[in-house]
Amino acid sequence: MDKKGTRKKNWAAQLYVAIGVAVLAVIITRDIFFSIGPLNDLKLKFIDERFDRRGEITLDSSDVVIVEMTQASYDQIPPPYRAAPWPRNLYARLIENLNEAGAKAIGIDVVMSNTDRLDPKNDQKLINAIRRYGNVVVAGKVNEVREAMLEGTFSDYSSSVAIVKKSVEDYSSLFYQADSSIGIVQVISDKDGVHRRYTPFVYSASSDSRVPSFSFAVLNKYLGLPANTTAEIKPNYFELGPYRIPKYDNTTMLVNFYGISNLQTFKHINFVDVIDDKDFNTVDEIDLEEEINTWDDPDFGLKYSGIFKDKVVLVGSTMPEDRDVISVAISRGKRAGDNQMYGVELHATALQNIIINDFIRVQSKNWEIILTIVITFFGFFISSWIKSIKSKYGVLLEIANLLLILGIMYGFYEFSMQLFIHSKLILTIVPQAVALTLGYFGSTAYNFLVERYQSTEIKRMFTHYVSGELVNELINHPDKLKLGGDRKELTIFFSDIAGFSTFSEKMEPEELVGLMNEYLTEMTNIVFQNKGTLDKYVGDAIMSFWGAPVFYEDHAHKACISSITMLEKLDDLRKRWNERGLPSIDIRIGVNTGDVIVGNVGSASRFDFTVMGDTVNLASRLEGVNKQYGTRAIISETTYEHVKDSFLARELDKITVKGKKVPTKIFELIGEKGNESAEKKIAYLQPFLQGLAFYKEKRFEDALPFFESLISEEESDPPSIVYAKRCKFYMENPPEPDWDGVFEMKTK
C-alpha cells in the first residue's frame, strides 16, 4: 500500500477510535448503563463552588417576609401558653393580624398533627381563621415510615418524583380539612445531604393525585389559584399560572440561594411581635403592668408599617432546638455548619425565586451531549497531532500535551464559573473534563498500539514457545540474553500422564498426536493464564515454573491454582474424549518451592531460559511419589508454608526421596479454601489426619480403625489403604525404638 493509502487508513482508524471514545464519554457522563458515584458527587460540589465563587447577594426588596418563632418570642409568651406546641389560638390571632395588615398569602411551616394541648376550642379558632381569610397554607408531611421521597421521571414513579406511597388524607395535619390547602414541607436533599433542589409537588398513590410542596401551595394562594393546584410538567420547565420554572431534572428546580444570612434578603419578624396587640399581654407587659402592643400601637405598631402589605408571609421556627436546620449549596465559610440555614428560609428562597423569575438555568441535556462529543474529538485529535511529531524531545512534547489538556480544562472551569456568576447559567464542567481526559488517553492508547504493532507481532510469534511476559522482559531488558543466571526463590511444577505408555500403544499415531496436542494446549494455556513460564515438554510431561523472569510474591499460590485448574480442566477433557471413544487419562503433579538457578543456559548460539537445582529435582520426584499414595497432586512442605492460608491440603507423610538423605514433609493439594467441594473433602478426610497422628506416635492399633473407616467397597481413600497396610505391618513387625516415621522412597 502506498503512503497516501496508508495515511487514509490511519485517518479512518483514528476516526473510528475517536467515535468510540466519544460514545464512552457520553455513556459515562450521562449515567447510561451505570453510574459513577464520585463523578456525580463532583457535579454537585461544582454547583456549590459556583455559589461560593459568586458569594452572597442582597435583593433591593423581597416579596417574602418571615415571621420566626424564636427564643425571644418563646420567652414573651406567658403561661400557660409558654410550652411546645404553642396553642392554636395564637396562630389564629397571627392570621387575623397579618390579614388586617394586608398580607397576600400566609404559609405556616409548622406541622400540627395532634389536638390542642390546652383546649380543643383553640383548634376550631384556627380552622375558622383559615376559612375566613382563605389565604393560608398549612404544613403537611409524608409519614417517614410508610411513605417515601424517591427520584425519577413523573411517568415512572420508581424514581425522582416525591411519592406519598400510603398517604393519609390529612397529611399529618389536623387543619387540612379547613380549606384543603396543604403544602408538603419535606424537601429533597442530594446524596451528600445538601439541599440544592426544590420539588413542585409530591404524588399521592393512595388518592392518585399530586400534592403541592409547601412553597408551591403558598404560591397558589399568592396567585389566587384553587387549592392544591399543581404545576404542569412541560419538556423543559414547570408551569404554574404565569410562571415558567426551569427544570434541573425531571421533577425539581434548582434553588437560587441569596445567602446564608437571609436577614439581608428577607425581613424577619418575631412571632410575638405580630400577636402582641391590645388584646394580648406579653410577659414584659404583665411584669411592667404597661401596654406595649408592638403590633397595633398607633405610633410604632407593625400593623401600620406596611411591611406585610401584599407580601407572602411564612411562619416557621428558627430555634435550634426545633432542629429545622438544613445544609444548602451556599456557604459563608469553609467550616462545618457554615452552609446551614433554617427550613423556612429555604421555602422563602424558593418562593422568591419564582415570584421574581430569578431562576438558575442548566445547559440542556442535548447540548451537553453535543459538547461532550465535540470536546472528546478535540482532545483526541489535538493529542494525536502532538504525539505524531517526531522529535528527540518526545518527553517534553508529552508534558506540553498534558499541560495543554489541563489548561483547557481549567479554562473551561473558569468560563463555566463566570457564566454562572453573570448569567445564572450552569454549563456543565465534569462531562467536559471527562471528555478531554478520555480524548487524551484514547489518543495515547491509539498511538501506543500503532507504535507497538510490530513488537506485538514478534511477541505473538514467540509466545508459542515461552510466556508473553518472558518476551516482554527480554524486550525491555536485552542484557538478560546472556549465558548464566541468578539465584531466586521460585516454585517449580512437574506433571506427567499416568500410564502413558500403556494407553499410547493402543492408539493410532494420528489419534495419539491429536489427543496430546489438545491436552498440552489446554494445560499450557493454564500455565500462561496464571503468569507461569513453560520450561519444556518432555514427551507427555510438562515442566514449568513461577517467579521468573518476572517475580511475583505469590508464585507458590499461582502454581497451586494452576495445578487445581489443570485437574479440573482434565476432568472436562476426559468427558469429551469419552464421547469420542478415546481413552481416559489421568495426570500426576508435583510442586516444590525453593532456591534455584534461573537464567539462559546453553551454548553461545542456542540457549534456553530454564531452572536448575535440588528444588527442581525434588519437584520432579514429588510428581512420581503420587504413584505410591494414589494421589493426583503433591506439594512440598516449603510450598505448603507459602499457601496454607489460602489452600486446603492434607499432610501425607514425611519421606526421603531417592538420592537424598534429608527428609521432607509432603502434602496432598486438595483445593482452595472456601471451595465447597474442597471443604467437603477435607472434612471427609479428618479420620485420616487423626490416624496419622496416632501413626507418628507408633500407636498403630489406635491408628488402624481411622484409616479403615475410609476404606470401603464403594469408595476408598488410597492413602488410607497405604497406611492401613503399614499399620498392620508394624503391628506384626514393630519398628526400632528410634523410628522417626520417615518413609524412604526406593524409586523415582
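Colleague: Is Thr230 buried or exposed?

Modeller: Thr230 is buried, at a relative accessible area of 17%; buried means under 20%, exposed over 50%, partly exposed in between, with a 1.4 Å probe and protein chains only. Keep in mind that this is a predicted model, where local features need pLDDT of at least 70, side-chain atom pairs count only at pLDDT 80 or more, and totals for chains, interfaces and linings use all residues. Residues are numbered from 1 along each chain as its sequence is written, and side-chain values use heavy atoms, leaving out hydrogens and water.

Colleague: What is Thr230 in contact with, leaving aside neighbours within four places in sequence?

Modeller: Phe201, Arg210, Val211, Pro212 and Leu240, where contact means heavy atoms within 4.5 Å.

Colleague: New topic: how many aromatic pairs are there?

Modeller: The count is 25, pairing rings of Phe, Tyr and Trp (its six-membered ring) with centres within 6.5 Å; planes under 30 degrees apart are stacked, over 60 edge-to-face, the rest tilted. One of them is Tyr695 with Trp739, edge-to-face at 5.4 Å centre to centre and 80 degrees between the planes.

Colleague: And how many residues apart are Tyr695 and Trp739?

Modeller: They sit 44 residues apart, so to speak linking distant parts of the chain. Both Tyr695 and Trp739 are buried.

Colleague: Which aromatic cluster holds them?

Modeller: One formed by Phe688, Tyr695, Phe700, Phe707, Tyr723, Phe729, Tyr730 and Trp739.

Terms used
Helix = DSSP H or I, 4+ residues; strand = E, 2+ residues; numbered from the N terminus.
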